[in-house]
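Student: I'd like to walk through this structure with you. Can we start with the charged pairs and then move on to the domains?
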Amino acid sequence: MTVTEPAPSEAELERHFEHTIAKDQRIEPRDWVPEAYRKTMIRQIAQHAHSEIIGMQPEGNWITRAPSLRRKAILLAKVQDEAGHGLYLYSAAETLGGDRDDMTEKLISGRQKYSSIFNYPTLSFADVGVIGWLVDGAAICNQVPLCRSSYGPYARAMIRICKEESFHQRQGYELLMTMMSGTEQQREMVQDAVNRYWWPSLMMFGPPDDDSPNTAQSMAWKIKRHTNDELRQRFVDMTVPQAEALGVTLPDPDLAWNADRGHYDFGAIDWDELKQVISGGGPCNTERMERRRKAHEDGAWVREAAAAHARKQQQRKEVAA
């Protein structure tokens, strides 16, 4: 006679989940997880995916105006990479039960966010290089630890994304080195771009630790491994020597090496500006969302055609069976 063992209770499932986290092992799609963990992961992955998709716009704006065929090809490849990153991440969110149409609708309606940095304009081609250097550099600081995130599909997606983001950063820095060895006007363009993007890049790490409501739980679940302020400090320490090698001045009079701490001190960040941008009051919030909404509407026929084709293929399989 076959004996069927009773299904584990929720308390037992919870203990197994906590044990998996404590052992630094990965949570996989078929594993039981608390609803709060699932919602947190979907929110974080969706926000990351939205950022990759919206992040195509600022640099995509310069594809047709790139100064050479080589720069155009580099920029096209980078924007294509960002689209791929968004697709990896939406797929990772779907393994948790997230619905891609629902996530897109929440983005377009303003109920889900994306990185505040993409609400700033790209006023010159030097901005493309500075985005590669500073913005992608900040993203790498944020994302490399996510390769060890507790959720397996997210962590594995981040490995490939980080490799490509590292390449993007090198491309941006190489562009800036080229411009800094050019004319005085080109050097001024680079410095202007650095002046505009430095502080927003520091804001990319999120609010300070004492004003970050999600950090403690995310670290307890090992979704993230470092606090916002730790990652921000790491980025500053990494970037200052790069700026010196490049020959630009970071726009912070309080920036100075602190031998006692073994880190650079830096000035106060305007958190009111971050809150304003996140709330939809940034320079390009409206433009970014209008373009994303239009792209979604213009692509409706493609989604409908793909769905019709899938139905037809399924019907043929059923008839053949």
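Tutor: Start with Asp-24. This is a predicted model, and in it Asp-24 forms a salt bridge with Arg-225. The closest N and O atoms are 2.8 Å apart.

Student: Where do Asp-24 and Arg-225 sit in the chain?

Tutor: In distant parts of it. Asp-24 is in the loop between α1 and α2, and Arg-225 is in the loop between α9 and α10. The two are 201 residues apart.

Student: Are they buried or exposed?

Tutor: Asp-24 has a relative accessibility of 43%, so Asp-24 counts as partly exposed. Arg-225 is buried, because its relative accessible area is 18% and the cut-off for buried is under 20%.

Student: What's the backbone doing at Asp-24?

Tutor: Phi of Asp-24 is near 65°. That is a positive value in a residue other than glycine. Lys-222 has a positive phi too, near 60°.

Student: Where is Lys-222?

Tutor: Lys-222 is found in the loop between α9 (215-220) and α10 (228-246).

Student: How many salt bridges does a search of the whole structure find?

Tutor: The search finds 20.

Student: Give me another one. What does Arg-111 pair with?

Tutor: Arg-111 forms a salt bridge with Glu-105. Their closest N and O atoms are 2.2 Å apart. Arg-111 is exposed at 52% relative accessible area. Glu-105 is partly exposed at 37%.

Student: Why would such side chains pair in general?

Tutor: Side chains of opposite charge can pair when their charged atoms come close.

Student: And which helix holds both Asp-298 and Lys-294?

Tutor: Helix α12, residues 285-298. Asp-298 and Lys-294 are four residues apart there, about one turn of the helix. Their side chains meet in a salt bridge, 2.7 Å from N to O. Asp-298 is partly exposed, with a relative accessible area of 42%.

Student: Anything else in the loop between α1 and α2? What about Arg-30?

Tutor: Arg-30 lies in that loop. Arg-30 is exposed, with a relative accessible area of 85%.

Student: How far is Arg-30 from Glu-304?

Tutor: They are 274 residues apart in sequence. In space the distance is 30 Å, C-alpha to C-alpha.

Student: New topic. What does the domain assignment give?

Tutor: Domain 1 covers 10-266 and domain 2 covers 283-320. Their centres, taken over C-alpha atoms, are separated by 27 Å.

Student: How many residues are in contact between them?

Tutor: Twelve residues of domain 1 are in contact with ten residues of domain 2.

Student: And what area is buried there?

Tutor: About 1,200 Å² is buried between domain 1 and domain 2. Carbon and sulfur atoms give 58% of that.

Student: Which residues of domain 1 lose the most area to domain 2?

Tutor: Gln-57, Ile-108 and Asn-119. Together they make up 49% of what the domain 1 side buries.

Student: Which elements of domain 1 give two or more residues to the side that touches domain 2?

Tutor: α2 (35-54), α3 (56-60) and α5 (100-108). α5 gives the most, with three residues.

Student: How do the residues on that side divide?

Tutor: The domain 1 side has nine nonpolar residues, three polar and no charged.

Student: Last one. Where's Asp-127, and is it buried or exposed?

Tutor: Asp-127 is found in helix α6, residues 125-143. Asp-127 is buried, with a relative accessible area of 0%.

Student: What's around Asp-127?

Tutor: Leaving out residues up to four places away in sequence, Asp-127 touches Pro-121, Thr-122, Ala-193, Arg-196 and Tyr-197. Also, a polar atom of the Asp-127 side chain lies 2.8 Å from the backbone nitrogen of Leu-123.

Definitions and conventions: Residues are numbered from 1 along each chain as its sequence is written. This is a predicted model: local features need pLDDT of at least 70, side-chain atom pairs count only at pLDDT 80 or more; totals for chains, interfaces and linings use all residues. Side-chain values use heavy atoms; hydrogens and water are left out. Domain bounds come from an automatic or database domain assignment. Contact means heavy atoms within 4.5 Å. Buried area is the accessible area (1.4 Å probe) that two parts lose on being put together, summed over both. Ala, Val, Leu, Ile, Met, Phe, Trp, Tyr, Cys and Pro count as nonpolar, Asp, Glu, Lys and Arg as charged, and the others, Gly among them, as polar. Buried means under 20% relative accessible area, exposed over 50%, partly exposed in between (1.4 Å probe, protein chains only). A polar contact is a pair of N or O atoms within 3.5 Å; within protein, one must be able to donate a hydrogen and the other to accept it, and residues adjacent in sequence count only if both atoms are side-chain atoms. A salt bridge is a side-chain nitrogen of Lys or Arg within 4 Å of a carboxyl oxygen of Asp or Glu.
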